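Subject: Structure handover and summary of findings

Dear colleague,

A summary of what was found in it comes after the coordinates.

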2 protein chains.
Amino acid sequence: MKIAIIGTGMVGQTLAAKMNSLGHPVMLGTRNVEAAVSRTDRDNFGNPGFGEWYKANGWAKLGTIADAVSFGELIINASQGASSVSTLQQANPGDFSGKVILDIANPLDFSRGMPPSLYPELSNTNSVGEEIQRTFPQAHVVKTLNTMNCGLMVNPASLGNGDHINFICGNDAGAKEKVKSLLKEFGWKEENIFDLGDISAARTTEALVPLWVRIMSVKQSVAFNFKIVE
Amino acid sequence: MKIAIIGTGMVGQTLAAKMNSLGHPVMLGTRNVEAAVSRTDRDNFGNPGFGEWYKANGWAKLGTIADAVSFGELIINASQGASSVSTLQQANPGDFSGKVILDIANPLDFSRGMPPSLYPELSNTNSVGEEIQRTFPQAHVVKTLNTMNCGLMVNPASLGNGDHINFICGNDAGAKEKVKSLLKEFGWKEENIFDLGDISAARTTEALVPLWVRIMSVKQSVAFNFKIVE
């Protein structure tokens, strides 16, 4: 299945590499292709800029947001949550029709430094996931994978035999099944994919991320995840 | 140790009974004693009013907020998060001096029904825990136990051999040790009490509760908790 990945940060890079290794053709989409390939500044977590990664991964296709959305049969939103909607609006609206948008973005506000808060207009009674669904009713938004480090997203078995939780939510049952099928290719077990219901549940998983960041700071590690004990 | 419990809801009742069973003298504090003993209306989760519980538990002392705070060597805030500060302000400020306030309250807004959101002024960049600490600098606020059902708070071993997480945070190390010691009386194991740092971390554990409510709705059960896998 052809995959569009919107966003060239660490999450986009990690998902692109995994999709490529699984045999899915991938195109990364960015607002400004020239700027992206020359980017060397590090992100909020100290990861290297896209330029270096792109040089090292010759298989990676790169295009504008419009190119990538047009290319992909499934679109992964790995852009910054605060601007995800305006980023996706760079594409041709018709190119979203009937497609699944797998949304991983969080509305993290680093403007006061670490730890981040959430943008008020995109949290509590709203979320990035809902805002995208509202803006693109022709697409099926599925929120998942946004509550963990990107290395773990694509390799759940690297931790505790893969027995930890990945939340999923969205309005369309068929779209959730498509995403679940991809998650299983990553190694996620059916019993560890927890369906919270419709896309409004995205507000609760996005709100988990500030707690995740605090735990990371205490542990000085990103190699952990939550599990539900019952 | 003499314990004041502020709030006569399900959480206050459960903690009072546990403290009593452990041999700690307990006084519950409420704004209006007469109203509390005649209360029969059910709470947001369908639990019976305080009046019935009070009749059935003859050992329970009941007083005003001022009475209870004066009585307690340690004060447990189990009042509604939205009004916790004004509730605690009913007491004599001097009666808080040097005491620990163990804060369990969450800023849940049920005004739109289920599931709840958080009061914006008490979340994201603020929290009930921080607001109480700011208002009562003469006390040491420790936030804990607020991310689970009250039955589990006082009986962690009832689930998964007690191996699930209870977050704790607060500015004073000595106060956190006092609270940990109480938690251990409840059955919490040292390794499952996760210290997130200062009281500002309360904003991240309070923000976990809307996710907890969604999970509860899917599972149709309150008998679960989170665990950290690493």
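Predicted model: local features only at pLDDT ≥ 70, side-chain atom pairs only at ≥ 80, totals over all residues.

Overall form of chain A

The secondary structure of chain A consists of 10 helices and 11 strands. Its C-alpha trace extends over about 45 × 35 × 35 Å along the principal axes. The radius of gyration of chain A is 16 Å, which agrees with the value near 17 Å that a compact globule of 230 residues would have. Of these 230 residues, 56% are buried. When contacts in chain A between residues at least 6 apart in sequence are considered, 73% of them join residues at least 24 apart.

As to its surface, chain A has an accessible area of about 8800 Å², and carbon and sulfur atoms account for 48% of it. The chain carries 20 positive and 22 negative side chains, and the centres of these two sets are 3 Å apart.

The contact between the chains

The size of an interface is often given as the accessible area lost when the parts come together. Here, the area buried between chain B and chain A is about 2800 Å², with 66% contributed by carbon and sulfur atoms. On the side of chain B, the residues that lose the most area to chain A are B:Leu211, B:Arg214 and B:Val229, which together give 22% of what that side buries. Each chain is represented in the contact as follows: 37 residues from chain A and 37 residues from chain B.

Helix α10 of chain B

Among the buried residues of α10(B) are B:Leu211 and B:Arg214, together with B:Trp212 and B:Ile215. After α10(B) comes B:Gln220, with a positive phi near 55°.

The surroundings of B:Ala68

B:Ala68 belongs to helix α4 of chain B, residues 65-71. Its relative accessible area is 0%, so B:Ala68 is buried. Leaving aside residues up to four places away in sequence, B:Ala68 touches B:Ala4, B:Ile6, B:Met27, B:Leu28 and B:Gly29. B:Phe186 stands 118 residues from B:Ala68 in sequence, and the C-alpha to C-alpha distance between the two is 22 Å.

Backbone geometry to check

Most residues other than glycine have a negative phi, and most peptide bonds are trans. The following sites may therefore be of interest when you inspect the backbone.

- In chain A, the peptide bond from A:Met114 to A:Pro115 is cis, with omega near -10°. A:Pro115 sits in the loop between β6 (108-109) and β7 (117-118).
- In chain B, the peptide bond from B:Met114 to B:Pro115 is cis, with omega near -10°. The loop between β6 (108-109) and β7 (117-118) of chain B holds B:Pro115.
- B:Asn124 has a positive phi, near 70°. This residue is placed in the loop between β7 and α6 (128-135) of chain B, and its relative accessibility of 22% makes B:Asn124 partly exposed.
- B:Asn161 also has a positive phi, near 60°. B:Asn161 lies in the loop between α7 (150-153) and β9 (166-170) of chain B, and at 56% relative accessibility it counts as exposed.

With kind regards

Note on methods:
Residues numbered from 1 in each chain as written. Chains lettered and ligands numbered in written order. Heavy atoms only, no water. Helix = DSSP H or I, 4+ residues; strand = E, 2+ residues; numbered from the N terminus. Rg over C-alpha atoms; globule rule 2.2 N^0.38 Å. Buried < 20%, exposed > 50% of the residue type's maximum accessible area, 1.4 Å probe, protein only. Contact = heavy atoms within 4.5 Å. Areas by Shrake-Rupley, 256 points an atom, 1.4 Å probe, with all protein chains shown as cover. Lys, Arg positive; Asp, Glu negative; His and termini not counted. Charge placed at Lys NZ, Arg CZ, Asp CG, Glu CD. Buried area = accessible area lost by both parts, 1.4 Å probe.
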